[in-house]
Amino acid sequence: MIPRSVVANQLARTALLRASSSYPSKASLTAARCLINAKQSSWREKQQQHRLYSGSASAAQSEKETITKLLYNIGSRKEVEQYLRHFSSVESQKFAVIKVGGAVLTDELDTLASAITFLNRVGLYPIVLHGAGPQLNNLLEKAGVVPDYHDGIRITDEKTLEIARKVFMAENLKLVEALEKMGTRARPLPGGVFTAEYLNKDRYGFVGKITGVNKEVIEASIRAGALPILTSLAETPAGQILNVNADVAAGELARVLEPLKIVYLNEKNGLYNGETGKKIDVINLDEEYEELLKEPWVKYGTKLKIKEIKELLDHLPRSSSVAIISAGHLHKELFTDSGAGTLIRRGFKLFHHNSLEQLDKDRLRKIMEKEDPEVKSGQVSVSSYLHQLENAKDGFKAYGDEPYEVLAVVKNDDETGSGVPKLDKFIATKAAVLNNVTDNVWALLSKDYPSLTWVVDENDANKGWHFDKAEGSFTKNGKTLFWKGLNDVARIEKVVSNFLETQTKEAVDAATSNGSFASGQRRSFSTMKKSAASPFFGGRRMFSSSAASQRDVKKIGLIGARGYTGQELIRLVNNHPSLEIEYVSSRELEGKPLEGYTKSPITYVNLSAEQVKEKTQSGEVDAWILALPNGVCKPFVDAIESVEEGKKMVLCDLSADFRFTDSWTYGLPEFNRAKIPGATRISNPGCYATGSQLAIRPLLEHLGGTPSIFGVSGYSGAGTKPSPNNDVNHLKDNLIPYALTNHIHEREVSHQLGREVNFIPHVAPFFQGITLTVNLPLNKTMTSGDIREIYEAAYDNEKLVHVIKGVPLVKENSGKHFARVGGFGVHSSGKRVVVVATIDNLLKGAATQAVQNLNLSLGLGEYTGIPLD
């Protein structure tokens, strides 16, 4: 047992760290709004000019990036970007219909205008429809007209209609003017959108029942770059104006447009439980509707509202949902997992089963193969995991939704001796996260398991979600233990102590077994355990019981450090928490101090192959990186492999010498990730080759001919040795084609894809970065949207590949550690697409990818030490 004092100290430290963490708050929401409001006045004239003249694209993109960064104040970068991609994946008119209550126009006009402007600044076009009930009642009272209702519907006579028309016109223009003052183009559409017939003229007067929606009016506004601002007034075919309830009009509009979001803005910021007074965060209609209507507080207007929303959503795609929110919290509701108001969705019925016979094996297999890191890495098969569940001593309970977009497994076995069940698995698709199915499943399993523990890798993309669900956490060397429902300090100490002890056991097992898998391959919710007291602590793969294998921080030997790539590697290792440079070798720089490295004083040496052999044999380094020109590294490789220690040591070669050698692992993690953990011989892909494969591979099965790649690189790609291709005077006002056929990267890409490609490289006068314009013949007719969806799905969880709608630019990607893929221009025939990729040739094209491969092979988190922004 770990001493209680150690556990207590670590718990106290973890608590302090958690308390200081930055989580979205009301203050950050207010700050974000203040920031945009402060910038509005200085932007207005400039942005209106930018929108009218040729500089608009660049200015709009810059402004969009600024506003997107402001959104990071209310949620994580990952949350904001995934929701932006989600909302931008549909046609503009299918993003959202926002229904604004009349009271919001009176009391929160500036907040409303700011919220809508915020959305428009990031490229979204909400369709806004407003009411004017309080304003109409006020004017009717002044005119001496007593409001009259039947069945909750306002009786509209000629006088009421006359006043209503004036009120709607005035309120419509008021909102349009408020938006225009903020530099947001808006178009008033008080009529011409809804066609209607009399609901019952004798009973209700001039009240309409909508029979049609003129989408063209709305789409024309959006095409012109203006937000459509609608009222709920409708017209008969003969031109008679009729009054329609704004909620009803918003519902009819949504039925026609089928938007992702239908937003009802009110001052209350959501629906509230009439008994507890607490706001309802989520309503999953398929699961909760019938029981909800039985609640005693669900009556009158609330009951009618819920019924109307269910009827609406029943006729819309399951991807559509309703949000009831205040204007001031709109951004948090739309761009964060936690939301801010009340989200209402159809969802699916949830299940909870405690036997394999009750599970749909095919659907379970599908989600595990797609979303489970352990299965994806090849470490564990679906069949073997099911066998584990079948033999669980105390059984298990599985939770999910009908289509198996979420799967959670709780094991009842008390493996920790603490008497607390363990959440063994919680995996979800992107759609499930965006639609809050994860929260619904969590709520269901929490009813059965008020106390729970689980373990998540520190690099888990959804770690923030786990912090939100947990009541406490403890992080140590790459793993975070979470718990909830543990109110006894002694019990918490026991859970943490057992967590550390089990880590020790697993580390020892890894060191003494013949298995080749690194702990970096373990699934997020495993109970693989380590201990700070162990020399093996940290969970890295242990190649032997030598001193090198027991080190917590891995020692790196870098051969060929003079080049640009070598310098980038030094910078990355300097900021890496688990890597240190032991030797840096350069013939030209021998005897000089290593600049830019601050962890310890290092002097350049000029290592011979024999010296590399000696240092390998002594166990002084854990991995060698060869950053040498093509055809130079073989003597060093032979020297390392000539000793027993070298055969188990990680060797990463940045040249092309071993990219065609089957005994070496090709280190392009996005396509070969399962083979890299535990690999000891890694061939780092070429820069052009990396970008080209990222641009082509998602469409491999759809290719109808030979891809052609037009590549342009900055002159850093020509190396440091003087040549015409890196002579800035020769490059000035020039673009130089070279190696017109049979370039080494043409052969590399063809070899890896299993089909021929044509590649024509060029060098340009800029220093750093690559752009690749790739022409891809297709074997079937496709649209740009079809293709973008394929790429978004292919790179959905890839942190170092960003898919964008526009054309990526070199200057925006230079110095970045990720690649961008975009363009997706489809020929009018639909049988040819042009994809554009940009990549920094020195980073993701070389040094960053080498660190990514080292992380995987050494059992570290894949993205440890790599800046992701």
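In the predicted model, E171 and K174 form a salt bridge in which the closest N and O atoms lie 3.0 Å apart; a salt bridge is here a side-chain nitrogen of Lys or Arg within 4 Å of a carboxyl oxygen of Asp or Glu. Side chains of opposite charge can pair when their charged atoms come close. Both residues belong to helix α8 (residues 158-181), and because they are three residues apart there, about one helical turn separates E171 from K174. Helices (H or I, at least four residues) and strands (E, at least two) are DSSP runs, numbered from the N terminus. E171 counts as buried at 9% relative accessibility, whereas K174, at 29%, counts as partly exposed. In these terms, buried means under 20% relative accessible area, exposed means over 50%, and partly exposed lies in between (1.4 Å probe, protein chains only).

Residues are numbered from 1 along each chain as its sequence is written, and side-chain values use heavy atoms, with hydrogens and water left out. As the model is predicted, local features need pLDDT of at least 70 and side-chain atom pairs count only at pLDDT 80 or more, while totals for chains, interfaces and linings use all residues.

A search of the whole structure finds 28 salt bridges. One of them joins the side chains of D360 and R363, at 3.9 Å from N to O. D360 is partly exposed, since its relative accessibility is 31%, and R363 is likewise partly exposed, with a relative accessible area of 40%. In a further pair, D424 forms a salt bridge with K422, the closest N and O atoms being 3.1 Å apart; D424 and K422 are both buried. Salt bridges also link K99, D247 and K305 in a network.

R659 is placed in the loop between β25 (650-653) and β26 (665-666). With a relative accessibility of 7%, R659 counts as buried. Its side chain reaches the backbone oxygen of N684 at 2.8 Å, and a polar atom of the R659 side chain lies 3.2 Å from the backbone oxygen of S655. A polar contact is a pair of N or O atoms within 3.5 Å; within protein, one must be able to donate a hydrogen and the other to accept it, and residues adjacent in sequence count only if both atoms are side-chain atoms. When neighbours within four places in sequence are left aside, the residues in contact with R659 (heavy atoms within 4.5 Å) include L654, Y666, S683, N684, P685 and G686. H745, E748, H751 and Q752 are also among the contacts of R659.

Helix α28 (residues 687-696) is mostly covered, with ten of its ten residues buried. Among these buried residues are C687, Y688, T690 and I696. V496 counts as buried because its relative accessible area is 0%. The C-alpha atoms of V496 and L481 are separated by 7.6 Å, although the two residues are 15 residues apart along the chain.

The protein averages a pLDDT of 82, and 83% of the residues score at least 70; pLDDT is the predictor's confidence in each residue, from 0 to 100. Over residues 1-8 the pLDDT is below 50, and this stretch has twelve contacts in the model beyond near neighbours in sequence. Over residues 10-57 the pLDDT stays under 50, and the model has 64 contacts beyond four places in sequence for these residues.
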